[in-house]
Amino acid sequence: MCRNIRTLFNYDPPSSHADIEAAALQYVRKVSGYRSPSAVNEAAFLRAVAEIADATVTLLASLETKAPPRDRGAEISKARARNARRFRTA
């Protein structure tokens, strides 16, 4: 499940809030063991997602690098090429 969490730092354009929330959701799912929580745990689950998303925004805003920003489109193309090689049928 955590393989779906992608690097969010140093991209052009910057990671959106939706990207950050998706990563936080995947993290909470992995840690809690719930894909979707029961009604009794839903509030705690959603609160954790929000808190982790907020912490991620703070982290990304405070990180510094001298490396040029990566191009999101180029990274997606590379991932698709890797997947095509990995899952090609014989």
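V40 counts as exposed, at 72% relative accessibility; the label takes over 50% relative accessible area, against under 20% for buried and in between for partly exposed, with a 1.4 Å probe and protein chains only. V40 sits in helix α2, which covers residues 39-62. Helices here are DSSP runs of H or I with at least four residues, strands are runs of E with at least two, and both are numbered from the N terminus. From V40 to K66 there are 26 residues in sequence and 46 Å in space, C-alpha to C-alpha. All this comes from a predicted model, where local features need pLDDT of at least 70 and side-chain atom pairs count only at pLDDT 80 or more, while totals for chains, interfaces and linings use all residues. Residues are numbered from 1 along each chain as its sequence is written, and side-chain values use heavy atoms, with hydrogens and water left out.

N10, in the segment before β1, shows a positive phi of about 65° despite not being a glycine. N10 is also buried, with a relative accessible area of 17%. Then there is the peptide bond from D12 to P13, which is cis, with omega near 0°. P13 belongs to the loop between β1 (11-12) and α1 (17-32).

On to the inside. The largest nonpolar core has 9 residues: L8, I20, A23, A24, V28, F45, V49, A53 and L60. Both α1 and α2 supply at least two residues each to this core. A core of this kind is a set of buried Ala, Val, Leu, Ile, Met, Phe, Trp, Tyr and Cys residues joined through side-chain atoms within 4.5 Å. Setting aside neighbours within four places in sequence, A23 is in contact (heavy atoms within 4.5 Å) with I5 and L8.

As for open space, the largest pocket holds about 560 Å³. Its lining runs to 17 residues, with R6, T7, Y11, I76 and A79 closest to the centre. A pocket is an open set of points on a 1 Å grid over the protein atoms alone, where a 1.4 Å probe fits and protein lies on both sides within 12 Å along at least five of seven lines; lining residues have an atom within 4 Å of a point. Helix α3 gives the largest share of the lining, 7 residues, and α1 and α3 (72-87) each supply at least two. By class, the lining splits into 7 nonpolar, 4 polar and 6 charged residues.

Key: Points joined across faces, edges and corners; volume = space filled by probe spheres on them. Nonpolar A, V, L, I, M, F, W, Y, C, P; charged D, E, K, R; others polar.
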